[in-house]
Protein chains: 2
Amino acid sequence: MTLAVTPQTADRLQYHLQLVQRLIERQRKLEAPLRPDDGEPSSLAPLPQDNLAELRLRLAQLHPADVAHVLEALPLEDRLLAWDLTEPSRDGAVLLEVSDAVRESLIEVMDHDELIAALVALDADDVAELAPELPRQVVYEVMGRLDEEERGQLQEVLSYEEDRVGALMDFELVTIRADVSCEVVLRYLRRFDELPNQTDKIFVTDETGRLKGVLSIRKLLVSDPEAEVSEVMATEVVSFQPDEPAQDAAQAFERYDLVTAPVVDENGVLLGRLTVDAMVDVIREESDSEVLNLAGLKEEEDLFAPVIDSVKNRWSWLAINLCTAFFASRVIGMFEHSIAQLVALAALMPIVAGIGGNSGNQTITMIVRALAMGQMQIGQAGRLWRKEIGVSIINGMVWGGVIGSVAWLLYGSISLGLVMLAAMTLNLMLAATMGVMIPTLMQKLGKDPALGSSVLITACTDSGGFFIFLGLATLFLL
Amino acid sequence: MTLAVTPQTADRLQYHLQLVQRLIERQRKLEAPLRPDDGEPSSLAPLPQDNLAELRLRLAQLHPADVAHVLEALPLEDRLLAWDLTEPSRDGAVLLEVSDAVRESLIEVMDHDELIAALVALDADDVAELAPELPRQVVYEVMGRLDEEERGQLQEVLSYEEDRVGALMDFELVTIRADVSCEVVLRYLRRFDELPNQTDKIFVTDETGRLKGVLSIRKLLVSDPEAEVSEVMATEVVSFQPDEPAQDAAQAFERYDLVTAPVVDENGVLLGRLTVDAMVDVIREESDSEVLNLAGLKEEEDLFAPVIDSVKNRWSWLAINLCTAFFASRVIGMFEHSIAQLVALAALMPIVAGIGGNSGNQTITMIVRALAMGQMQIGQAGRLWRKEIGVSIINGMVWGGVIGSVAWLLYGSISLGLVMLAAMTLNLMLAATMGVMIPTLMQKLGKDPALGSSVLITACTDSGGFFIFLGLATLFLL
């Protein structure tokens, strides 16, 4: 019963992964038909079925989240072999933990009965989480097998959009009345076999189901057993409504260090609860989609997805970018005559476009984040624009000065250097303006300011940069 | 004692913010010297000191995290007015909640005594969190005021790098022995005035302080009071060592849905604990820095920072980008002779460079994330490279075909179209190769694969794209 010092968590996961990989590799070798150059099968080699049994045992010893991690890190064919050996009763738990892309690959190979078996072991809210990716027929059948209360819960959760509080709540509530003593509450709790995960508070409701307050377990444990619940419960409760954005709830969890929180309807009737682990997932997904968006990926990709799936995932952004690049190319095309006369322009123009793109992305990222966190109101756009213009003038003077001087030295023309300086400064100012304007306008129009912000700003600064630089050059140099 | 239905959380915050803003605005008006066109001061206007008192009261009613939010959303001069009105006893709690950049602006205006007063109200681990940004003198003085145990804790936490588990642990531990009954534990807990925040488990140690197991509160509440702790405690515990990366711990919290977890030294002696709220902060910061890195910002920026601070924050990335852009410009310079002969090349070359940059960023982002999550081992680089090459050939054929045809139509030269097709495909293959190679190599060299990945790949695909396209054109078209 002594506790082994746990190896560092990351190493431990790595170790399990490698173990599984080794077993799978051995399995492939054992199953391969004997080739002449393989020689005699070693008498020391285990039988294929023993090897499989060991693999099955190893997987069974892992936490479902660790199984999920191992599956995600395995190439497709190995993943499906391991998935096949996972205990059916834990399939549901593993499916909940894997990424969307990998989940799809796993569900694809499960037949109807396997899916049903995996799902009936789950709570209603967990079934709801998987539902969008399941065949409709399977969802209906699972629904039919639930008792009335659970079916109601499942339908309730499914009735909300994925990004709403209602879609993420669970129903593992412990509720009590306000007029009992702490002693009674303790006795009541003792009758449970197990308290719901993450339980850090008990919900106090009246006979109509309305939330009257919460009794934190920490408080309950230090309270006088004789004290009435109404005396020790908290009545100022951070609670949520099911149609609130999940992001807002996650931010509140972060802000107030919550572990669980009640979800109530507009009359204050307790519907369910949110838990911090679901909120951590929201935070993770939110930031993931921000990163993927910035990098031009539609969604998280399964590392080992077939080529065609990857092409599809990246297709739309590439297409949009190509359109904007083509537009920029036509802007250059307008000035082909100027370039033919002064070919140095061709070499210098990407610098002007580039610095505008970089600087514009800096501005727009900052503004988008401030809008998302509620730290910026649209009314402040003017003030922030003035600031960004200040930044861009300084940057334009400094970097435009440097590059302008280099251009002067390289091509021996001071006017070319001056045009470079002016074009860089102007393009930076354009970048600042667009960087503030695009997200503020999107927000005002009720759109998500993050969506495509990076592509839009780069399109502006590329085409704008070419136009400004080549235009100025045509006016003053030719 | 009825519980008002809380308004949606985001709206509520917005409401508080606007209220504070209105009061500050009124204060500015009340304090402004009367100008002739202002007319008579309205007899209905409150006195300046009453207005201030109301503002102070409003702020006092907010949770420290909400005060932090309000401060972050206020322009500098308004922020400092509000900060001045915040109750000194809560200054420390607010400082813990604001972003680094805003924290700096607040600490800057506090004098020595105010800082000391704010800090002594905090726990050792919280002081440690603020320490890097405090004047050294202040830290020493606060240390001197702590009792020996707390001083030891503070020094312990300060001895770890910011991104290690040790720097984030706190010392609010409730420990018990294994050989007592649950009844005794319950009585012991009742003697506390308050249990530490987030307490979901009690740590079971032996006489040498070694962790023997954990007793979850959920378990304690449903256990037979007569049962001995050793019978009901869990002995398989996810624990951490202080020198582990905080990111790994955060991933483990996410994976196993933990609320708190013990930190032990290499002998298994209990040192402190991690809580989920600290881990949520780690997850948030991790993803923030990923986004900021992608956008070319050094760190989170105070929205209302002076222009010069913003310039500094963005300076380094712009400088690096300019260098790579300049290099790309010199690559073009090598082919000025070709461009002079066929000026269409100047218009088409940004398209080749652009699609390479976009596609390379897609690949590198995916690989960097997979490496960070431990889902990809370096040994799999070859396999993934082959996949990415497959993706790039398909994309090259499709998009190169489209743009090549357009170029053919525009400029009436089929060979120009073919060069375009070949250059786009080759640059996409270069992007795929670099996208896999750069992060894998960084990881192998023990560097952070995320650092500068976007800049590096864009540098390769810009210069590479120009070189490939102009080189092919020079060979085959001129």
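Which residue of chain B forms a salt bridge with A:Arg383? The legends below begin with that pair and refer to a predicted model.

**View 1. Salt bridge between A:Arg383 and B:Glu77.** The partner of A:Arg383 is B:Glu77, and their closest N and O atoms lie 3.4 Å apart. In total, twelve salt bridges are counted between chain A and chain B. Polar contacts between chain A and chain B join 44 residue pairs, with both residues at pLDDT 80 or more.

**View 2. Helix H19 of chain A at the contact with chain B.** Helix H19 of chain A spans residues 344–372 and supplies 17 residues, the largest share of the side of chain A that touches chain B. By class, this side of chain A comprises 73 nonpolar, 37 polar and 35 charged residues.

**View 3. The contact between chain A and chain B.** Chain A contributes 145 residues to the contact, and chain B contributes 144 residues. Between them, the two chains bury about 12600 Å², of which 61% is on carbon and sulfur atoms.

**View 4. Domain 1 and domain 2 of chain A.** Domain 1 of chain A covers residues 175–280, and domain 2 covers residues 307–477. The centres of these domains, taken over C-alpha atoms, are separated by 51 Å.

**View 5. Spans of chain A listed by UniProt as "domain: CBS".** The unreviewed UniProt entry gives this name to residues 169–231 and 233–289 of chain A. Residues 169–231 are 29% helix and 21% strand, with end C-alpha atoms 28 Å apart. For residues 233–289, the figures are 44% helix and 19% strand, and the end C-alpha atoms lie 39 Å apart.

Conventions: Residues are numbered from 1 along each chain as its sequence is written. Chains are lettered from A and ligands numbered from 1 in the order in which they are written. This is a predicted model: local features need pLDDT of at least 70, side-chain atom pairs count only at pLDDT 80 or more; totals for chains, interfaces and linings use all residues. Side-chain values use heavy atoms; hydrogens and water are left out. Contact means heavy atoms within 4.5 Å. Buried area is the accessible area (1.4 Å probe) that two parts lose on being put together, summed over both. A salt bridge is a side-chain nitrogen of Lys or Arg within 4 Å of a carboxyl oxygen of Asp or Glu. A polar contact is a pair of N or O atoms within 3.5 Å; within protein, one must be able to donate a hydrogen and the other to accept it, and residues adjacent in sequence count only if both atoms are side-chain atoms. Helices (H or I, at least four residues) and strands (E, at least two) are DSSP runs, numbered from the N terminus. Ala, Val, Leu, Ile, Met, Phe, Trp, Tyr, Cys and Pro count as nonpolar, Asp, Glu, Lys and Arg as charged, and the others, Gly among them, as polar. Domain bounds come from an automatic or database domain assignment. UniProt positions are given in the numbering used here, feature names are shortened, and annotations may be inferred rather than shown by experiment.
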